[in-house]
Amino acid sequence: MNYWSKSTLSIYRYLETMSKTIDKIVLNVGKNSNSSELQRYQTTYFQASKIIELIERKRKMINLKVACEQALNKIPLQSRKILMLFYIDGVKGDFIAQLLGISLRTFFRQKLKALKEFSEALERMGFNLNFFNPVINFLVFNLIMSFKPTTEIILLFFIKYNMNLKKKL
């Protein structure tokens with residue numbers, strides 16, 4: 001479960017941006033629904049389906065964000081600080097160690113402990129691999145697609161991602 005904890009915390013910082021992007025897409029689909037160019041190729045049913053699909057994506061992102069925040073609130077303050085600074089804010093480990101007045105080695109030990117506490121908090125809340133497997137795959141794919149990568153980059157990522165997943169499980 002530690003693997004999913006890291007992924008959840010790493011993706012957390014992008015959830016708001018991804019959510020806003022979905023809002024813009026939904027707005028554009030709605031605005032352009034009467035466009036004569038679009039009506040030739042897309043039915044109202046297709047456009048409504050697209051909006052429903054996008055709203056479902058946003059719902060998953062919000063659920064993940066809420067689960068992450070609730071789990072962070074259930075762990076000790078020092079652990080919460082370490083995880084938020086490192087994974088969410090992207091602060092380097094040596095700076096966090098200096099900020100907290102601890103050695104770098106102690107920081108890494110406390111980070112591992114914090115990840116375990118976070119993972120256990122998620123599990124106590126009922127979030128397990130059955131929840132995270134499809135959600136994280138979905139969010140990672142959307143995150144990659146938001147950068148408009150080439151097909152080769154997408155394939156290489158998923159090959160590496162799935163190999164890492166098999167090693168962890």
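# Legends to close-up views of a predicted all-helix model

The protein exposes about 10800 Å², and carbon and sulfur atoms supply 59% of this area. The coordinates shown in every view are those of a predicted model.

**Figure 1. Overall content of the predicted protein.** The secondary structure comes to eight helices and zero strands. Read from the N terminus, the order of elements is α-α-α-α-α-α-α-α. Of the 169 residues, 33% are buried. Among contacts between residues at least 6 apart in sequence, 74% join residues at least 24 apart.

**Figure 2. Confidence of the model.** The average pLDDT of the protein is 77, and 67% of the residues score at least 70. Over residues 163-169 the pLDDT stays under 50. For that segment the model has six contacts beyond four places in sequence.

**Figure 3. The largest nonpolar core.** This core has 24 residues. Those with the most contacts inside it are Leu9, Leu15, Cys68, Leu72, Ile75, Leu83 and Phe118. At least two residues of the core come from each of α1 (2-31), α3 (44-73), α4 (77-88) and α6 (104-124). Another core, of six residues, lies apart from it; Ile82, Leu85, Val91 and Ala97 are among its members.

**Figure 4. Surroundings of Leu72.** Leu72 is one of the residues with the most contacts inside the largest nonpolar core. Neighbours within four places in sequence are left aside in this view, and the contacts of Leu72 are then Leu9, Arg80, Leu83, Met84, Ile88 and Phe118. Of these partners, Leu9, Leu83 and Phe118 are also listed among the residues with the most contacts inside the core.

**Figure 5. Helix α5 and its buried face.** Helix α5 covers residues 93-100, and its buried residues are Gly93, Ile96 and Ala97. Seen down the axis of α5, these buried residues fall within an arc of 100 degrees, so they line one face of the helix. In general, an α-helix has 3.6 residues a turn, so residues three or four places apart point the same way. The buried residues of α5 pack against α4 and α6. Ala97 also belongs to the core of six residues. On the face of α5 turned away from the buried side are the exposed residues Gln98 and Leu99. Just after α5, Gly101 takes a positive phi of about 75 degrees.

**Figure 6. Salt bridge between Lys20 and Glu16 in α1.** The count of salt bridges in the model comes to seven. In one of them the side chains of Lys20 and Glu16 meet, with an N to O distance of 3.3 Å. Both residues lie in helix α1, four residues apart, about one turn of the helix. Lys20 has 48% relative accessibility and therefore counts as partly exposed. Glu16, at 44% relative accessibility, also counts as partly exposed. A network of salt bridges links Glu16, Lys20 and Lys65.

Figure 7. The side chains of Glu117 and Lys113 meet in a salt bridge of 3.6 Å, N to O. Because Glu117 and Lys113 are four residues apart in helix α6, about one helical turn separates them. Glu117 counts as buried because its relative accessibility is 15%, and the cut-off for buried is under 20%. The second bridge joins Glu120 to Lys116, the closest N and O atoms being 3.9 Å apart. Glu120 and Lys116 also lie in α6, four residues apart, about one turn of the helix. At 35% relative accessibility, Glu120 counts as partly exposed. Lys116 has 51% relative accessibility and so counts as exposed, since the cut-off for exposed is over 50%.

Figure 8. Met125 lies in the loop between α6 and α7 (129-146). Residues up to four places away in sequence are not counted here, and Met125 then touches Ala67, Gln70, Ala71 and Lys74. Met125 and Lys74 are 51 residues apart along the chain, and their C-alpha atoms are separated by 10.0 Å.

Technical notes. Residues are numbered from 1 along each chain as its sequence is written. This is a predicted model: local features need pLDDT of at least 70, side-chain atom pairs count only at pLDDT 80 or more; totals for chains, interfaces and linings use all residues. Side-chain values use heavy atoms; hydrogens and water are left out. A nonpolar core is a set of buried Ala, Val, Leu, Ile, Met, Phe, Trp, Tyr and Cys residues joined through side-chain atoms within 4.5 Å. Buried means under 20% relative accessible area, exposed over 50%, partly exposed in between (1.4 Å probe, protein chains only). Contact means heavy atoms within 4.5 Å. A salt bridge is a side-chain nitrogen of Lys or Arg within 4 Å of a carboxyl oxygen of Asp or Glu. pLDDT is the predictor's confidence in each residue, from 0 to 100. Accessible areas come from the Shrake-Rupley method with a 1.4 Å probe; for residues, only the protein chains shown count as cover. The arc is that of the directions from the helix axis to the C-beta atoms.
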